[in-house]
Amino acid sequence: MNTDPRAPGPRPENRPGPPEDLYGGPSNGPGGGPQSTPKADTIIRPYGDTTDDGMVQLSFTLPLPHGPRAEGAALQLARRMGMERPLVVHSKAVGGTDFSFFVVYGAVAHTVDLDRVVVAERDYPLLSAKEADAAVRDRLGRRLVVLGACIGTDAHTVGIDAILNIKGFAGEKGLEYYRQMRVLNLGAQVPVGELVRRARSERADAVLVSQAVTQRDAHLTNVRELSAELRASFAAHERPLLVVGGPRFDPAAAATLGADRIFGRGTTPGDVASYLVHALVPAAPAVPAAPAVSAAVLEDVG
């Protein structure tokens, strides 16, 4: 039984299910079993110089001194990746003399079947600030408590500030603008343990984490660690929602990282606020339909 005095009832469960692979089938590789023949109008190829020419541009760094041998290695790599007629269109030395950066241009034979593209789409209504505040006030009866931070060694606060600060982003006010949300922005380089302790002491409904540092997949490691500590420190019905954002996250990978939602590039404060209302506020009661009036009754009235 939910004994948490903050909420009128059990928290609505809107946890994402296990992700499918990028091919739209079970996670056992491309195809995932028998597939139907794709329709011609769902197949597309990259566009470069002319429609359907398959031209793409690829950039990468090799641990080789800049020069002809490094360029030859870059072309070999491009061919082994399936690129036809690759050309090195840009190269330069980086990191002193031991590394070389390349931009390679060429064609690929691969196509995309749009019928098998799987993406995480918004499955809740987009609310204005006024609508979100009204939903929290009328259906929850208290303010939502939202904690935000950049964890680990990440000092890039632009993302979390864009969502939380009242000045906002893309013409939208941040969550501090919402009257029915109490927002605490803990800033940069917050240790995971400290964030979990603050989530408990503030009785947070949601923890928002922004990660821009991605070297050696630090963003993935940090989120997994935070998710594990939240689950270890809270009972299931008390655990705050874990919402993650950053340019290198795959929104479809929330379940594998232990997060409730992942937001990628272009996310606005309204996107996040609408999700919090969807996930944390009880649904509005259904309006009963008006009773049907039979033709016979209408004749009697007439």
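This is a predicted model: local features need pLDDT of at least 70, side-chain atom pairs count only at pLDDT 80 or more; totals for chains, interfaces and linings use all residues.
**View 1. Secondary-structure elements that line the second largest pocket.** Two or more lining residues come from each of helix α3 (158-164), strand β8 (206-210) and strand β9 (241-245). Of these elements, α3 gives the most to the lining, with five residues.

**View 2. Residue classes in the lining of the second largest pocket.** The lining has 13 nonpolar residues and nine polar residues. One charged residue is also part of the lining.

**View 3. Asp 133 and its surroundings.** Asp 133 belongs to helix α2, which covers residues 129-139. When residues up to four places away in sequence are not counted, Asp 133 touches Tyr 178, Arg 179 and Gln 180. The side chain of Asp 133 is buried yet has no salt bridge. Arg 179 has the nearest side chain of opposite charge, at 5.5 Å, whereas a salt bridge requires a nitrogen within 4 Å of a carboxyl oxygen.

**View 4. The protein as a whole, for orientation.** Eight helices and ten strands form the secondary structure. Of the 302 residues in the protein, 39% are buried. Among contacts with a separation of 6 or more, 68% are between residues 24 or more positions apart.

Conventions: Residues are numbered from 1 along each chain as its sequence is written. Side-chain values use heavy atoms; hydrogens and water are left out. Helices (H or I, at least four residues) and strands (E, at least two) are DSSP runs, numbered from the N terminus. Ala, Val, Leu, Ile, Met, Phe, Trp, Tyr, Cys and Pro count as nonpolar, Asp, Glu, Lys and Arg as charged, and the others, Gly among them, as polar. Buried means under 20% relative accessible area, exposed over 50%, partly exposed in between (1.4 Å probe, protein chains only). Lys and Arg count as positive and Asp and Glu as negative; His and the chain ends are not counted. Contact means heavy atoms within 4.5 Å.
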